[in-house]
Each structure stands twice: as structure tokens, then as C-alpha cells.
Amino acid sequence: MKIDFKHKQSAHCESGVTANLLTHYGLQISEALAFGIGGGLFFAYLPFVKINDLPLTTFRYTTGAIMKRTMTALGVQVKTEKFRSPQKAMAELDRVLAQGTPVGLQTGAWFLPYFPPAYRFHFNMHNMVVMGQENGQYLISDPVFPEPVLCDRMNLMKARFTQGALKPKGKMYYITDVPSSFDLQTAVKDGIRSVVKAMLKTPLPIVGIRGMRFLASRMERWPQKLGEEKAILYLGQLVRMQEEIGTGGAGFRFLYAAFLQEAADILKDDRLRECAATLTSIGDRWRDFAVSAARHCKGRAKEHDTFADMANIIRDCASREEALYLELTDIIK
Amino acid sequence: MNSLHETPKPFQTQVKSTMLKKDVPQDIGIAEGMKEVVYAVDENGNYELVPSAGWAPKNIANDQAWEIISGQIEAVKKQIKAGELSPLAYHMVKNQMDESLLAQYVGLFKWKVKRHLKPEVFKKLKKPVLEKYAALFGLSVEQFMDMATIDEGYNPGKDRLI
């Protein structure tokens with residue numbers, strides 16, 4: 001059994017699954033548009049949340065929220081289920097699948113056999129769409145892979161019931177109703193508004209523009225506070241958060257710039273096209289930081305790669321992004 | 001610490017003024033040659049999805065993450081050989097777990113898992129408990145109990161665990 005589901009590879013799993021599911025139901029929404037309507041762009045430096053003893057930095061909004069906001073903004077009805085029993089979770093997946101409905105899953109990455117070994121981490125916020133069954137294996141549209149992949153029942157069950165932080169508990173979701181018409185312009189504007197608000201107005205020093213500046217000031221002190229060796233591990237972790245699979249490059253900045261281009265057409269406002277170009281150059285600046293940081297990790301730091309220099313790049317990104325969000329506020333007013 | 005995945009050539013140190021489609025980096029990294037997609041602009045400044053094999057700075061950061069894991073594995077091996085830890089510790093770090101994640105997977109209290117890391121307690125473990133651990137790691141009880149498994153040539157981030 002195979003559902004006629006169009007698999008499209010995307011940069012990020014959650015916005016990719018959202019776009020692919022919507023496209024299946026006749027709503028031509030790209031990944032970038034789903035990411036933008038869902039208000040995906042974000043920044044927070046969370047030094048007290050540690051992964052492998054290294055602090056968490058995030059460039060995207062809370063997991064699950066991007067899809068939820070996009071579906072709500074477009075008036076799409078989604079049924080979401082969580083389970084205690086793995087057997088029941090698999091039976092329900094089979095039942096919905098048999099009706100010809102593609103089913104979205106939240107899973108852990110650890111047990112997925114088609115993941116290259118290097119991607120094997122205990123990461124519980126992966127998303128995919130199950131699009132059929134073949135010879136006892138599930139046919140899966142995993143948006144970060146170029147082609148649909150296969151996964152056996154046992155490992156898929158394990159992946160749906162991984163343990164640890166943010167465990168998926170067998171979470172599955174599928175679209176039950178799509179509106180005949182929707183207001184794309186309002187959805188796009190609301191999406192931009194939520195990003196601008198989060199980046200400029202969150203009353204926490206670790207979030208948004210303030211969070212970037214906070215990271216910069218902490219980064220300057222890393223070598224003294226942590227010692228050179230640990231400071232370099234902190235840098236490597238930050239580069240991974242910014243560039244590792246799922247961000248589309250430069251901590252989702254390029255992905256959001258692609259959204260702003262689409263938004264320019266939807267809202268018929270050329271200023272948004274200029275904003276997209278500005279954000280592209282800001283993304284390049286984030287990548288300047290990654291290049292400098294990687295030289296440190298390789299023990300090849302040059303004269304202008306000091307922690308203070310890198311902190312200044314982050315501050316530069318903060319100032320430029322601040323100006324951009326102010327302009328966006330003006331445009332969507 | 002030796003690098004596990006040597007980068008063949010020094011990476012480009014300049015980032016282009018804009019991320020052009022033709023300049024999307026293709027530095028093969030950890031993903032077995034699998035290409036992910038990234039966002040880049042064409043000659044007219046329009047965004048497109050472009051396949052990328054990887055980017056050197058990112059590859060370096062990924063290698064660093066795997067070196068940390070390799071380092072943890074090596075340190076635990078030494079402690080096991082010195083009689084300070086049980087072989088359970090090896091399988092735990094190899095599978096990138098800590099006591100609390102491991103406890104959740106086998107359905108035991110964390111303090112019990114911590115006790116099982118002691119060689120003298122581990123030796124006295126009953127079969128049902130051993131089976132739980134072995135099944136989680138995809139091993140037979142014999143393999144799991146065999147001290148020699150800690151000397152297997154496991155290459156973190158390159159060899160398949162499951």
C-alpha cells in the first residue's frame with residue numbers, strides 16, 4: 001500500500017513535514033512559507049540547559065509550535081494523538097494509513113535505521129510522514145532525506161517511544177479538514193509579527209536580540225571562565241546548532257530570507273525583497289563567525305579570531321537584525 | 001586527541017558576500033555522502049533549495065562532537081580495565097547515554113543503574129536484568145557480559161550500532 005504522496009526534501013524537518021502535508025491536500029505551501037507563517041525564526045542562548053555538558057543555543061522557535069501555528073493560521077484541522085502503549089500506537093498508525101491518509105510522526109533519531117551513523121544522537125524532535133507500507137516495512141517521507149526511505153516496524157516503534165527529554169510518546173498527527181479558502185496575506189503578516197515580537201520584545205535577557213548580546217558578552221569571558229579547551233567545545237557546539245542539518249544554513253537565516261521573498265510577492269511589497277537581501281547578508285555574517293570558530297576548533301585560529309572578535313561578529317549580527325525587525329514592524333503595520 | 005575524520009584540505013576561509021547557488025559548499029562531511037539541502041540565491045537573487053554535501057566549518061564542529069564521545073569511551077575503557085567500572089559503563093557511553101537515560105530505557109531506578117556500574121555488583125546481576133540491558137544494546141547476554149567486547153574496534157560516528 002502506497003499513498004500518492006509527493007516527497008520533497010527540505011532543510012528542516014518540521015517545516016518540511018508541514019509543507020509536504022499541506023501540499024498533499026492541495027495547498028501549495030513551500031517549506032519557507034510554512035516556516036515563516038509558523039513564525040519559525042528565533043534566537044535564545046540557554047546556558048543552564050546543557051546537552052552533553054555544553055549549553056544550548058537555539059535559532060528556531062519551540063519544537064512543534066511552527067507546525068501548530070501554520071496549521072491554525074490557515075484554518076487546517078489536524079488530529080493529534082499520543083499513546084501509552086507502543087502496540088496501540090502502531091495499530092492506530094496502520095488504521096489511519098489504511099484509509100489512505102498520510103500520517104505525520106514525531107520520533108527520536110536514535111533508532112532510525114536509515115540514519116547515517118554520524119547522525120545518531122538522542123534527539124527526540126524529529127518529524128516525518130509515513131506514506132505507505134511495502135513488504136512489512138514502512139515507506140517514509142523523511143524531509144531531510146533526498147528520497148523516501150524504508151523503516152521496519154520494530155525500529156519505527158522504538159523510534160516513536162524513545163526516552164529522555166521531550167520524548168515523543170508515540171505522537172502522530174494527520175490532517176482531517178482543509179478550508180476551501182484562506183487568507184494567506186493575513187497569515188504571512190501574523191507570522192512576521194510573531195517573529196518581530198519574539199526577537200524584540202521578549203522580556204528575557206537570553207532571548208532575541210538581547211539574547212544575542214548576552215551570548216556575545218558571555219563568549220568574551222569563556223576562555224577565562226572555562227579554560228581554553230572547554231571554551232573551544234562551547235564554540236563547536238554553537239557552530240553545530242547554527243549549521244547542522246535542519247537549519248538550511250546560518251541558523252535558519254537563509255530559510256527565513258527565502259520566506260521574506262515569497263512574502264514580498266504575496267503582500268505585493270518590494271520592501272520585503274530588500275529585507276530578504278539584508279537577511280541574506282546577516283546570514284553571511286553568522287557564517288563569518290562559524291568560520292572563525294571552526295579555525296579555533298582546528299587549532300588554527302588567526303590574529304582576528306579572538307573570542308572578543310567573534311563576540312563582536314555576534315554583536316554586529318544583533319544590531320543588523322534589530323534594524324531589520326524594526327523595518328519589518330513598519331512594513332506589516 | 002587524534003582527529004577521527006581528517007579533513008582532507010584546509011577549508012576556505014572567506015565567506016562570499018552572498019550565499020550564491022554556485023558557491024554552495026560541497027565539503028564532504030560525516031553523512032556518508034548524503035546530500036542535505038540548503039538555501040542559496042541564484043544570479044537574480046532568488047532563493048532556491050540547493051543540495052550540499054557539507055560545509056567545512058560545520059564538518060569540523062561535527063568531528064569535534066564525535067571526538068568528545070570517543071574520548072569518553074576511551075576513558076571508560078581504562079576505568080573498566082582498572083576494575084573501577086563494570087562493562088555496563090562501556091555500553092552506556094558507546095550508546096551516548098547517561099545513568100538517567102539508561103534507567104528510563106530499562107525501566108529501573110537511576111540509583112540501581114548507578115550500582116550496576118560497580119564491577120562487584122555487576123557480577124552478581126540476575127539473568128532478567130542482564131537481558132534487559134543486552135536487549136537495549138542489541139546484544140546477546142553472552143556478548144554483553146564478555147569483557148572482551150570493550151576491546152572491539154568500534155569507530156564512533158562511523159560504525160552502525162543498530
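**Ground rules.** I noted that this is a predicted model, where local features need pLDDT of at least 70, side-chain atom pairs count only at pLDDT 80 or more, and totals for chains, interfaces and linings use all residues. Residues are numbered from 1 along each chain as its sequence is written, while chains are lettered from A and ligands numbered from 1 in the order in which they are written.

**Touching chain B.** I looked up the contacts (C-beta atoms, placed from the backbone, within 7 Å) and found 43 residues of chain A meeting 38 residues of chain B. On the chain A side, α10(A) gives the most, 11 residues. By class I got 22 nonpolar, 13 polar and eight charged residues there (nonpolar is Ala, Val, Leu, Ile, Met, Phe, Trp, Tyr, Cys and Pro; charged is Asp, Glu, Lys and Arg; polar is the others, Gly among them).

**Two positive phis.** Most residues other than glycine have a negative phi. A:N135 has phi near 45 degrees, and I found A:N135 in the loop between β5 (126-134) and β6 (137-141) of chain A (helices are DSSP runs of H or I, at least four residues, and strands runs of E, at least two, numbered from the N terminus). A:N135 counts as exposed because it has 7 C-beta neighbours inside 10 Å.

A:A250 has phi near 55 degrees and lies in the loop between α8 and α9 of chain A. I counted A:A250 as buried, because it has 29 C-beta neighbours inside 10 Å.

Conventions
Contact = placed C-beta atoms within 7 Å. Buried ≥ 20, exposed ≤ 12 C-beta atoms within 10 Å, placed from the backbone.
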